[in-house]
Amino acid sequence: MKKTYTIMGHTFKPVWADDYKSCVLVGTDGEGEAAEWAPNAIGYSVEERKQGMEQVSEAYKELYGKD
């Protein structure tokens with residue numbers, strides 16, 4: 001899996017997580033897992049974080065073919 005996803009202007013890549021037995025989207029610059037980072041991202045408005053979570057949802061839909 002070489003594809004990356006841009007969420008709130010940051011790059012995330014799929015990484016296998018043994019604990020979850022699936023892939024998670026992890027930031028390439030220390031953001032952590034996308035679904036945990038986006039709703040709490042410091043320096044972003046509530047609306048920007050909401051849009052970020054929609055981007056996370058769309059990325060995971062594409063990655064897994066569902067929610």
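The model is predicted: local features need pLDDT of at least 70, side-chain atom pairs count only at pLDDT 80 or more, and totals for chains, interfaces and linings use all residues. Residues are numbered from 1 along each chain as its sequence is written, and side-chain values use heavy atoms, without hydrogens and water.

## Overall fold

Helices (H or I, at least four residues) and strands (E, at least two) are DSSP runs, numbered from the N terminus. In that direction the order is β-β-β-α-α.

The radius of gyration is 11 Å, which agrees with the value near 11 Å for a compact globule of 67 residues. That radius is taken over C-alpha atoms, and the globule rule is 2.2 Å times the number of residues to the power 0.38. The C-alpha trace spans about 30 × 25 × 20 Å along its principal axes.

## Surface, contacts and charge

Of the 67 residues, 31% count as buried. Buried means under 20% relative accessible area, exposed over 50%, and partly exposed in between (1.4 Å probe, protein chains only). The accessible surface comes to about 4600 Å². Carbon and sulfur atoms own 51% of that surface. Areas come from the Shrake-Rupley method with a 1.4 Å probe; for residues, only the protein chains shown count as cover.

A contact means heavy atoms within 4.5 Å. Among contacts between residues at least 6 apart in sequence, 35% join residues at least 24 apart.

The protein carries 8 positive and 12 negative charges, and their mean positions are 5 Å apart. Lys and Arg count as positive, Asp and Glu as negative; His and the chain ends are not counted. Each charge is placed at NZ of Lys, CZ of Arg, CG of Asp or CD of Glu.

## Aromatic pairs

A pair of aromatic rings is described by the distance of the centres and the angle of the planes. Rings of Phe, Tyr and Trp (its six-membered ring) pair if their centres lie within 6.5 Å; planes under 30 degrees apart count as stacked, over 60 as edge-to-face and the rest as tilted. The count comes to three aromatic pairs.

W37 is buried at 15% relative accessibility, whereas Y44 is partly exposed at 24%. Together with F12, W37 and Y44 form one aromatic cluster.

Y60 and Y64 both sit in helix α2 (residues 46-64). They are four residues apart there, so about one helical turn separates them. Y60 is buried, with a relative accessible area of 14%. Y64 is partly exposed, at 36%.

## Two single residues

G27 is found in strand β3 (residues 22-27). G27 counts as buried, at 11% relative accessibility. Leaving out residues up to four places away in sequence, G27 touches T11, F12 and G32. One of these, F12, also belongs to the aromatic cluster with W37 and Y44. From G27 to Y5 the C-alpha distance is 9.2 Å, across 22 residues of sequence.

M8 lies in the loop between β1 (5-7) and β2 (10-17). M8 is not a glycine, yet its phi is positive, about 55°. M8 is buried, with a relative accessible area of 12%.
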